[in-house]
Amino acid sequence: GNLEVTTAVNITWSSINFKTILQWQPKPAGYFYTVEIHGQISDTRKKCILTTETECDVTDLLRNVKENYTAHILSVTSSEMDNFEEPPFAVSEKFAPYNQTVLGKPEIQNYTQKGSKLNVVFQDPLTPYTFPNGSFQSIRDIFQHDLEYKLYYWKDQSSGKKYATTKSHEFEISVDSTKNYCFYIQGIIPSRKENRNGQESMVLCTSVGRSILDEYGAEVFIVIAVIAIAVITLAIVLSVILCKRKKAKAAREKEPLNGV
């Protein structure tokens, strides 16, 4: 019978730190997919040739990150492999890695709170692209002066956030030396209209000068105080009762025996 070939639908680009995955639907039945990447100035190149998968890692075809790309997803049957007819295909939306890739989580390497200074040192996320010597490029190597970072920080057990910005790998901010602070870092591309904010790093908290009150909260101390007052009150009441019993017993012992 005739084989029904379906063209791809729901084509999406997923990109973090320039690692870019193309995804689509549906699963093929009796045919294959081949991905073609079309750039504005670069030659058309194929990837994931005759695959039965519905995703394709196209990172290595997007090295010119400032170029705009579209993907053609071809639906190929076995009979079309031997002829020169163009198979049916679907076209993705345009994708510009420089403007659309999501900034990944920065890695916090070290942090200290000494007196009234909080110092945080962090590392740029790496990309899949390499230098000629084989070392991986970071997002800073690609974005350069377009990249900055925000440090969001707040007093531990408080909801009021403040922030500071830097274009370096380090933050040094003034804080209350008697309080502990929690914080996280986020990459920012201010020049972007969309996807300006990157993924947030893990939240970390300092522990310098942490008091028992900070650790457990005032509510616990109120409960402890109530229990202590109850115990003291009970001890006083028991003491009064015992004292009265002793006095009553002593009074009975002093009474003369009947009939003597």
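Which residues do ring pairs link into a cluster? Ring pairs join Phe-18, Tyr-98, Tyr-129 and Phe-143, where rings of Phe, Tyr and Trp (its six-membered ring) pair if their centres lie within 6.5 Å, and planes under 30 degrees apart count as stacked, over 60 as edge-to-face and the rest as tilted.

Before I go on, please keep in mind that this is a predicted model, in which local features need pLDDT of at least 70 and side-chain atom pairs count only at pLDDT 80 or more, while totals for chains, interfaces and linings use all residues. Residues are numbered from 1 along each chain as its sequence is written, and side-chain values use heavy atoms, with hydrogens and water left out.

By the ring rule, the count comes to 13 aromatic pairs. One of them is formed by Tyr-153 and Tyr-181, a tilted pair with 6.3 Å centre to centre and 50 degrees between the planes. This pair links distant parts of the chain, since Tyr-153 belongs to strand β12 (residues 148-155) and Tyr-181 to strand β15 (residues 181-188), 28 residues apart; strands are DSSP runs of E, at least two residues long, numbered from the N terminus. Tyr-153 is buried, with a relative accessible area of 10%, and Tyr-181 is buried as well, at 5%, where buried means under 20% relative accessible area, with a 1.4 Å probe and protein chains only.

Let me finish with the lysines. Lys-150 lies over the face of Tyr-163, at 4.3 Å from the ring centre, and Lys-161 lies over the face of Trp-154, at 5.2 Å; the rule here asks that NZ of Lys or CZ of Arg be within 6 Å of the ring centre and within 35 degrees of the ring normal.

Terms used. Helices (H or I, at least four residues) and strands (E, at least two) are DSSP runs, numbered from the N terminus. Buried means under 20% relative accessible area, exposed over 50%, partly exposed in between (1.4 Å probe, protein chains only).
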